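Here is a quick briefing to read with the model open beside you. Take a look at the structure, then work through the points by topic.

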Amino acid sequence: MSGQSFLVQAFVYLLAAVVTVPVAKRLGLGSVLGYLLAGVVIGPFGLGLVGTEGQDVMHFAEFGVVMMLFVIGLELEPSLLWRLRAPILGLGGLQVLVTSGAIAGVAVALGVEWRAAVAIGMTLSLSSTAIVLQTLQEKGLLKTGGGQSSFAVLLFQDIAVIPMLAILPLLAAGHAPAGEAGHSATTLVDGLPAWARTLAVLAAVAVIIGGGRYLGRPLFRTIAKTHLRELFTAAALLLVIGIALLMSLVGLSPALGTFLAGVVLANSEYRHELETDIEPFKGLLLGLFFIAVGASINFGLVAGRPGMILGLVAGVVVVKFAVLLGLGRAFGLNRDQAALLAFALPQVGEFAFVLFSFAAQEGVLGAEITSPLVAVVALSMAVTPLLLLINERVVQPRLGARAASTRAPDAVSGEAPVLIAGFGSFGATVGRLLRANGVRTTVLDHDSDRVDLLRSMGLTVYYGDATRHDLLHAAGAGQARLLVVALDSPEKTLALVHTAKKHFPHLVILARAFDWSDGHDLVEAGVEHVYRDTLDTALRLGTDAMRQLGFRAYHSHRAAQKFLRHDEESLRELTGKRREAGYLSAVRGRIEELEQMLRADRAEPDLSRDEGWDAESLRADFGKSR
Amino acid sequence: MTRILLLFAHPALEKSRVHRRLLEALPRLPGLTLQDLYEAYPDFDVDVRREQALLASHDLVLLQHPFYWYSTPALLKQWQDLVLEHGWAYGSNGTALRGKRMANVVTSGGGPAAYTREGLNRFTVRELLAPVEQTARLCGMEYLPPYLIQGTHRMNESDLAAAAERYARALTALHDDQVDLDAWRAAASLDRVEGVEASR
């Protein structure tokens, strides 16, 4: 690939993404579907801008999955992982076993030789970590019961790929030697006896855990001290790529290795830096991966035998869906959460491409089987965002609504005047205060455990993403007077504010902000009542600090009151200034904002004085006349 | 037209039978401004500049409040302490309030007989309000006899409605300069001034 053609390629991919993804998001389809569509558009069956090299791009872009698992590992504390061990082994293990068996059975019934059928069953039992986690994260569903279960199943599948790669050659009746050579070239340990291989694997894992725990911190501290941002990024990339390499050398999945490293580093103080550094690479590579999947769909094959291909897609999705739904219920998930699990994971994952090519190489499956199946895999991935959309728009509202009507029959008729979006500790405090004063509230939350609890306590709770206007409508936003926004993320908060302002302009919005910057955004979005998370607490602490230094209690209290008012005024004033200064300086601006705040504090002359209680001027006035 | 600033202080308006009605019946007049202090400053953090601006733009300041321990509710006292600054309201340079008028609008549970030398409370309402009167004087304002609504404990629904209506008419008369100032100065209380409620 020459330098120029590389630029052309990059231009085509990036342009397709930049054009398609915003449109897809605007239409509520999510970014994954946007990328897939972009791939279809530029692919051989669309505009034909990319051809066969799409496959290479896909292999390259698979590294995005590795990075994603690293980032997910960073967000997972070891204790949480330990808590998930039952769903990972139980739910994940059963899902792989039952699905493999069912699909293999169907394949045998369709006349496939049993060894090939087993290979197909195993391969198709896997789901797509990339699509599912990306979509669930985007919808904020990863922390729900169904989301956690999905994650557990995907994690098990990532582990299961390793034994699958070992089993596949055994299924090649008599052809094994042909493939063995190609395979052995990839790892260092193939020539070793089994015990040495196991030892090498254990050693590699020990290196990651030990290195992460004892070397990671000093290493990152040293690099952070250079104050070179790009060096930190380089180190983060080096870490991820190094681990991926180490893992491939001992024959383990690179994704698994980086996930492990992420978990080990989850408690370190550099967690957020690592996350922000890897995040854009991960996002770009994943996007590239989805585009490549879209471009690789062989529409020629689909058009040639549409009935067979689409029938296979439907068959695979239905079988996987049924198994997931059944297992989800068996493992104690609620109906809505089991539905989320089943709607999230019925596609076939990206590892299928690897396994199919490996199986072909080993002579287990012929091209007459793998090439239509590759199209089936890609199509099943493409329908996932659509299925999740159906789940969100059609299925969940029914399940949610029915549960509400059966569990809270004593709900007072008529709409509650207050909607509370987000019932974490912030929203819960607001809600409890209101309830203690006899105010009826309707809660919107997307944590299903919390939703269950609240419903059992007799609260009216709507389950789902509060930024969706149909959910707001169902929850009675049309009749309510106040909307309390107490969500956990500034992005969601702003999205909800925009939706509410557009569709329910009569609502008075009281929004939680996180810092100055969000405060600005909310003021700019037209929210009059903005409550910065830490402001009141910080002022209380400041008041107590003054008292500790010997200031009188009421003086300290008054000082905090005045400071609060001054700070609120500055917020509104600086919002105007920020708008004038424009977007770029706003991005640069945290330090500048701090500077402006400090300047404003200095310009305010009597932040510490109450003239009415100050006798100084009185003495000056009356003292001289005496 | 007299521009009236009605400084209203009641910590539990929702529980008040009288003041709620008085406020509900307030006439809509171009020169009448209601400042509900407990609503504006629930944390006693009185905005001094804003309150001074309000005072400066009115001619007659009425302090409307229940009679708590023979005085104003706490927030109205806080308001006095903070807003009537030396150098602004009084002192050799404090001339901002000069020439304005001030009076109290007081409700009390006890009837008129309780507020006499021989009565339970031993002083008249006007006497008990001496601190406010002197405050007004020091600020260069003319202090005038209070508007009294007394014996509220024994008022029934129709009494309450009548009291609210009378008050509304009195405010209208003051606003429209229909009240004879000399008669007001001479009266024991504003509600007894002849013609105060006759303007409509």
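**Helices of chain A**

In helix α18 (residues 351-361) of chain A, the buried residues are A:F351, A:A352, A:F353, A:L355, A:F356, A:F358 and A:A359. A residue is called buried if 20 or more other C-beta atoms lie within 10 Å of its own, exposed if 12 or fewer, and partly exposed in between, with C-beta atoms placed from the backbone. Helices (H or I, at least four residues) and strands (E, at least two) are DSSP runs, numbered from the N terminus.

This is a predicted model, where local features need pLDDT of at least 70, side-chain atom pairs count only at pLDDT 80 or more, and totals for chains, interfaces and linings use all residues. Residues are numbered from 1 along each chain as its sequence is written, while chains are lettered from A and ligands numbered from 1 in the order in which they are written.

**More on single helices**

- Just after α18(A), you'll find A:G363 with a positive phi of about 80 degrees.
- Helix α8 (residues 129-138) of chain A has eight of its 10 residues buried, so it is largely enclosed by the rest of the structure.
- The buried residues in α8(A) are A:T129, A:A130, A:I131, A:V132, A:L133, A:Q134, A:T135 and A:L136.
- Just after α8(A), A:G140 takes a positive phi of about 70 degrees.

**A helix pair in chain A**

- Helix α16 (residues 306-330) of chain A packs against helix α17 (residues 335-344) of chain A at an angle of about 150 degrees, and their axes are 8 Å apart.
- That makes the two, α16(A) and α17(A), roughly antiparallel (under 35 degrees counts as roughly parallel, over 145 as roughly antiparallel, 65 to 115 as roughly perpendicular and the rest as oblique).
- Axes here are lines fitted to C-alpha atoms, for helices over the stretch in contact, and angles run from 0 to 180 degrees between N-to-C directions.
- From α16(A), A:F321, A:L324, A:L325, A:G328 and A:R329 meet A:Q337, A:A338, A:L341 and A:A342 of α17(A); contact means C-beta atoms, placed from the backbone, within 7 Å.
- By class, the residues of this α16(A)–α17(A) contact are six nonpolar, two polar and one charged (Ala, Val, Leu, Ile, Met, Phe, Trp, Tyr, Cys and Pro count as nonpolar, Asp, Glu, Lys and Arg as charged, and the others, Gly among them, as polar).

**Around A:L81**

- A:L81 sits in helix α5 (residues 78-83) of chain A.
- A:L81 is partly exposed, with 17 other C-beta atoms within 10 Å.
- Leaving out residues up to four places away in sequence, A:L81 touches A:L76 and A:V263.
- A:L81 and A:A152 are 71 residues apart along the chain, and their C-alpha atoms are separated by 9.0 Å.

**The two chains**

- Chain A has 29 helices and six strands, and 41% of its 626 residues count as buried.
- Chain B has eight helices and six strands, and 38% of its 200 residues count as buried.
- Chain B averages a pLDDT of 93, with 98% of the residues scoring at least 70; pLDDT is the predictor's confidence in each residue, from 0 to 100.

**Where the chains meet**

- The contact draws eight residues from chain A and 11 residues from chain B.
- Helix α29 (residues 616-623) of chain A gives the largest share of chain A's side, three residues.
- That side of chain A has two nonpolar, three polar and three charged residues.
- For the complex, the predictor gives an ipTM of 0.76 and a pTM of 0.50.

Conventions: Contact = placed C-beta atoms within 7 Å.
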